[in-house]
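Subject: Structure for you to look at

Hello,

I am passing a structure on to you, and my notes come after it. Please have it open while you read them.

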Amino acid sequence: MSETIVRYGIAYKQRDAKMKLKRFLLRYYPPGIILEYEKEGLLKTKSMDLLDLTPETNPDELLAEIRRSEPLVTESRADQVKQLILRLQQKQGHKDQHGFCFSKSLKAHILPLTNVAFNKSGSRFITGSYDRTCRVWDTASGTAVHTLEGHRNVVYAIAFNNPYGDKIATGSFDKTCKLWCAETGKCFHTFCGHTAEIVCLAFNPQSTLVATGSMDATARLWDVETGEEVANLTGHTAEVLSLCFNTVGNQLVTGSFDHTVAIWDVASGRRVHILTGHGGEISNVQFNWDCSLIVTGSMDKTCKLWKAVSGKCVATMAGHREEVLDVCFDLRGQLIASASADGTARVFSSTTHQCLVTLEGHDGEISKRVATSLLAMTICFSPQGSRILTAGSDRTARLWDVQSGVCLQVLQGHTDEIFSCVFNYEGDTIITGSKDNTCRIWY
């Protein structure tokens, strides 16, 4: 059995079977150290999530706590772990003063785009479109590497299987999801079973499953290897427009237009909790990094914070004058950002639940999909957590300082609504996607 232990922001798994440490891997965002080890002849990994690490943290005290709790970190490995802690602190000490310059505008598709997504390294990105295709792009050159063809209707939901980046999933209004090889563009599987449009999807962290959400009021789980349906998650009474795996991969959360949110056990397909309390359709749902909290945004103009274990609502975050169209955690899970049809964004503390700052400057609502009445991802934190990116119907994307709420930069040039904006893993590249049929690359 596995036992989760959390101390001083360290979260990891302790196992009773004999394990042999092979190497350490460093993760900058959010800060953590990955342990690669051998157990019963199999190579496995587990993480020590240092979510509370700051440049002021005493590395010797943190090392001592790690050594008391993690048997794989022996005396002979102690200095190596300390050096990794110092490297993480050094990375955190770098001030995020990056300004973005326009690099390229790509006439990505012959019809409007639906979504954009990076692979983890940021070397490639993908675009979905009303022209029924998904395209794979080389970020540096701006050239199209592959055009993924085969869907018979709009390609709406798209994703890489990050951090691996070797597979792509596309969900379509033709009621199917397709799995593709990112390197060759070959279609591995077509997942059939939904009876209405697929509007959201996600890979689990292990890249063994794809979850899809549909206008048919169900979510489904699919086996990446075999292409078979693993589970049909029924219970919602209206469209499932958002879903998210937790970072362990053992739970999935779904948000529906029936005003409810459901937490599902991935292994059994059983619904664990129904989260009720919103007075409007759910626009987005997300787990925080340590899997303890879920944030939801709703057309009732509020966000809610829930305990993942109990399904209990711990806070309702109000203040927006119109519908909340998007909501997300920063990578550490300490901050929550919301984007609203009132044209503003807000930043809340996930511990005090107070509004820390309001981001005002967009002329008109922060993007709401008009053509289909579906919602776009329009707000996100930089990997470092110090910046927020928003996209609006005013044809601009804006970069904000999280602490002060000051607009640092306005990204202009699109000639129609921007519905999608994303950072790469390092936070030094941005892609914006617009209804003007183009995406723009910013460095």
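Predicted model: local features only at pLDDT ≥ 70, side-chain atom pairs only at ≥ 80, totals over all residues.

Residues are numbered from 1 along each chain as its sequence is written, and side-chain values use heavy atoms, with hydrogens and water left out.

Cores

A nonpolar core here is a set of buried Ala, Val, Leu, Ile, Met, Phe, Trp, Tyr and Cys residues joined through side-chain atoms within 4.5 Å. Buried stands for under 20% relative accessible area, exposed for over 50%, and partly exposed for in between (1.4 Å probe, protein chains only). Helices (H or I, at least four residues) and strands (E, at least two) are DSSP runs, numbered from the N terminus.

The largest nonpolar core has 19 residues, and those with the most contacts inside it are Phe24, Ile33, Leu35, Ile66, Val81 and Ile85. Two or more residues each come from β3 (20-27), β4 (32-39), α1 (59-69) and α2 (75-93). The most come from α2, which gives 5 residues. Another core lies apart from this one; it has 15 residues, including Cys200, Ala231, Leu243 and Leu252.

Salt bridges

The whole structure holds 12 salt bridges, each being a side-chain nitrogen of Lys or Arg within 4 Å of a carboxyl oxygen of Asp or Glu.

One of them joins Arg68 and Glu65 (2.7 Å, N to O). Both residues are in helix α1, 3 residues apart, about one turn of the helix. Arg68 is exposed at 61% relative accessibility, whereas Glu65 is buried at 6%.

Glu75 and Arg67 form another, at 2.8 Å, N to O. Here Glu75 is exposed, with 56% relative accessible area, and Arg67 is partly exposed at 34%.

In a further pair, the closest N and O atoms of Asp401 and Arg387 are 2.9 Å apart. This pair links distant parts of the chain, with Asp401 in strand β33 (residues 397-401) and Arg387 in strand β32 (residues 387-391), 14 residues apart. Asp401 is buried at 15% relative accessible area, and Arg387 is buried at 11%.

Strands

In strand β12 (residues 167-172), 6 of 6 residues are buried. Lys167, Ala169 and Gly171 point one way from β12, and Ile168, Thr170 and Ser172 point the other way.

Strands count as paired if DSSP finds at least two bridges between them. Strand β11 (residues 155-160) runs antiparallel to β12, joined by 5 bridges, and Phe160 stands opposite Ile168. These two strands form a hairpin with 6 residues between them, and Gly165 in the turn has a positive phi of about 75°.

β12 also pairs with strand β13 (residues 177-181), in the antiparallel sense, over 5 bridges. Ala169 stands opposite Leu179 in β13. The hairpin of β12 and β13 has 4 residues between the strands, and Lys175 takes a positive phi near 80° there.

Regards
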